[in-house]
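User: I would like to go through this model and ask what stands behind each label. Please give the value and the cut-off each time.

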Amino acid sequence: MDKDVEKIIKEAQEKLEKIADLKLLDQTYIELFGKNSHLNKLTKQISNLPKDKRPKAGQTINKAKKQLEKLFKETKSRLITHHSSLINPIDISAPGKKDEIGHLHLVSQAIEEIVEIFSRLGFYLQSYPEIDWEWYVFESLNMPKNHPARDEWETFFVKSDPHAKYGGQVLTPHTSNGQVREMEKTKTPPIRMINISRCYRRQIDISHTPMFHQFEGLLIDKNISIPDLRGTFDFFTKSFFGPDRVTRLRPHHFRFTEPSFEVDVICDICKGEGCRICKSGWLELGGAGMVHPKVLKAGNIDPQKYSGFAFGWGIERTIAMKTGLGDIRLLYQNDIRFLEQF
Ligand code: DAH
């Protein structure tokens, strides 16, 4: 019996290996398992065996049946795979599908570029808390308690127990809070800081979002004067916006600089003539000025020995001026159709 079974399996194996067609395979099924199959004939012979040999013979045949079924299934799946590759042949010359690779958000791109430009002038990157004491945000910058100038910063206040010297806590409405912090940290000038941070104000319209970014420059050294400030701004504007984008200083008032300016960049569209976008021919970049002696004193720096300039500009606004973006809220809507353009 064992030998017969072995022979049946061997023959079946050889036959199945040669089959290249699913239809033929179906026919083989009947040959292997049908009424007239060798296996079935053997099964019938069991009853002719002596009683004690029958169970063993039954087991052998069952095992063989399972083995044949396995072989049959394997052949079938081989044929199906082959068949489908004929219908959908793999074209090895077709160009591959590329994974879609994202990129840094526009704001992050601008931050990297700004840091790189200022680093060429020896400025180093610094960052300071986004929740800070009123003292660093206002008092140390020559804006005493209850001074109306504070109103311009539309501040979010944080519920906290006020500190005797530092007052309450606020979400930083500008990056100027880093000025005195940097003086305290460095102790002795020179200071050439770029402080980039998120800022928060109660405002929202096409040119304002409640959360935005500013970059704050602070340079303190001996004999620093307005031409140094001008030169720095021209270098930045030309590097960031392009070689023909010049700046101008407009007198302004800030409590923490004296004199103070607003810095404008010439409009890219009308080149200073005045157009629908800019109206005056110039676009406002942000505030700047020579650091007020009172601010230097708040940071324990002697205004007789040292002087410096500072500036604070919005990153979103800077991006808008470079790209012609009409509504800065788009930067935070995360619409892939918008972001993919940059
Ligand atoms: N902190 C000011 C603001 O948020 C901008 C500013 C003006 C920063 C003058 C300065 C400066 O450093 O000197 O509007």
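**Labels and their grounds**

Analyst: Thr172 is buried, because its relative accessible area is 1% and buried means under 20%. Keep in mind that this is a predicted model.

User: Where is Thr172, and which residues does Thr172 touch, not counting those up to four places away in sequence?

Analyst: Thr172 sits in the loop between strand 4 (167-171) and helix 7 (177-186). With residues up to four places away in sequence not counted, Thr172 touches Pro129, Glu130, Asp132, Val137, Asn177, Arg198, Cys199 and Tyr200.

User: Why is Ile204 called exposed?

Analyst: The relative accessible area of Ile204 is 57%, and exposed means over 50%, so Ile204 is exposed. Ile204 lies in the loop between strand 5 (191-200) and strand 6 (211-221). Residues up to four places away in sequence aside, Ile204 touches Pro210 and Arg329. The C-alpha atoms of Ile204 and Ile328 are separated by 9.9 Å, and these two residues are 124 residues apart along the chain.

User: What is the phi of Lys187, and why does Lys187 count as exposed?

Analyst: Phi of Lys187 is near 65 degrees, a positive value in a residue other than glycine. Most residues other than glycine have a negative phi. Lys187 counts as exposed because its relative accessibility is 61%, and the cut-off is over 50%. Lys187 is in the loop between helix 7 and strand 5.

User: What is the phi of Asn334, and why does Asn334 count as exposed?

Analyst: For Asn334, phi is near 55 degrees, again positive in a residue other than glycine. Asn334 counts as exposed because its relative accessibility is 58%, where exposed means over 50%. The loop that holds Asn334 runs between helix 10 (315-323) and helix 11 (336-339).

User: Which peptide bonds are cis, and what are their omega values?

Analyst: A cis bond joins Pro189 and Pro190, with omega about 15 degrees. Pro190 is in the loop between helix 7 and strand 5. The bond from Glu258 to Pro259 is cis as well, with omega near -5 degrees. Pro259 is in strand 8 (residues 257-266). Most peptide bonds are trans.

User: Which members of the largest nonpolar core touch the most other members?

Analyst: That core has 39 residues, and Phe118, Phe215, Phe236, Phe309, Phe311, Trp313 and Ile315 touch the most other members. Helix 5 (residues 106-119) gives the largest share of this core, 6 residues. Another core, of 24 residues, lies apart from it, with Met143, Phe254, Tyr306 and Ala310 among its members. In soluble globular proteins, nonpolar side chains tend to be buried together.

User: What is Phe309 in contact with, leaving aside neighbours within four places in sequence?

Analyst: The contacts of Phe309, with those neighbours left aside, include Phe123, Leu218, Leu219, Ile224, Leu229, Met290 and Val291. Asp228 and Thr232 are also in contact with Phe309.

User: How does the radius of gyration of the chain stand against that of a compact globule?

Analyst: The chain has 40 Å, whereas a compact globule of 342 residues would have a value near 20 Å. The C-alpha atoms fill a box of roughly 120 × 55 × 35 Å along the principal axes. Buried residues make up 42% of the 342 residues. There are 11 helices and 10 strands in the chain.

Key
Residues are numbered from 1 along each chain as its sequence is written. This is a predicted model: local features need pLDDT of at least 70, side-chain atom pairs count only at pLDDT 80 or more; totals for chains, interfaces and linings use all residues. Side-chain values use heavy atoms; hydrogens and water are left out. A nonpolar core is a set of buried Ala, Val, Leu, Ile, Met, Phe, Trp, Tyr and Cys residues joined through side-chain atoms within 4.5 Å. Buried means under 20% relative accessible area, exposed over 50%, partly exposed in between (1.4 Å probe, protein chains only). Helices (H or I, at least four residues) and strands (E, at least two) are DSSP runs, numbered from the N terminus. Contact means heavy atoms within 4.5 Å. The radius of gyration is taken over C-alpha atoms; the globule rule is 2.2 Å times the number of residues to the power 0.38.
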